[in-house]
Amino acid sequence: AWYPPGHGDFYQSFANSGLLDEFVNMGKKFCFISNIDNLGATVDLSILNLCLSQNHEFIMEVTDKTRADVKGGTLINYEGKLRLLEVAQVPKEHEEDFKSVKKFNVF
């Protein structure tokens, strides 16, 4: 699924498009997602094994955010749940807060 707000809206877009139902009906259980600008991305078998062995329904690889990482996403605690927040979802008046490596320290 291609959606400008990024990964944060992937799940809703995947379901709304009908692809989720199609994949489930084909017996698919896992989905690997990577940015379009990361053409070298591959499935890391150690992460997949972690997902399978510990029955996690979701695993995300993150890294420390730097001042160069202002256009990507970050993790937030929203309504008691960990969520991915993409820069396209941030209101203009909060963009400078979003760019803070102290306030949002993972990318």
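Start by selecting Glu96, an exposed residue with 58% relative accessibility. Keep in mind as you look around that this is a predicted model.

Lys99 and Glu96 form a salt bridge, and their closest N and O atoms sit 3.5 Å apart. Where do these two lie along the chain? Both belong to helix α4, which covers residues 95–99, and they are three residues apart there, so about one helical turn separates them. Check the surface around Lys99 too: this residue counts as partly exposed, at 31% relative accessibility.

Next, pick Glu95. Which residue does the side chain of Glu95 meet in a salt bridge? Select Lys92 and you have the partner, with an N to O distance of 3.8 Å.

For the last stop, click on Asp97, then on Lys103. Their side chains meet in a salt bridge as well, at 3.8 Å from N to O. Is Asp97 exposed or partly exposed? Its relative accessible area is 33%, which makes Asp97 partly exposed. Lys103, at 54% relative accessibility, counts as exposed.

How many salt bridges does a search of the whole structure find? The count is three, so with a nitrogen-to-oxygen cut-off of 4 Å you can show Lys99 with Glu96, Glu95 with Lys92 and Asp97 with Lys103 together in one view.

Key: Residues numbered from 1 in each chain as written. Predicted model: local features only at pLDDT ≥ 70, side-chain atom pairs only at ≥ 80, totals over all residues. Heavy atoms only, no water. Helix = DSSP H or I, 4+ residues; strand = E, 2+ residues; numbered from the N terminus. Buried < 20%, exposed > 50% of the residue type's maximum accessible area, 1.4 Å probe, protein only.
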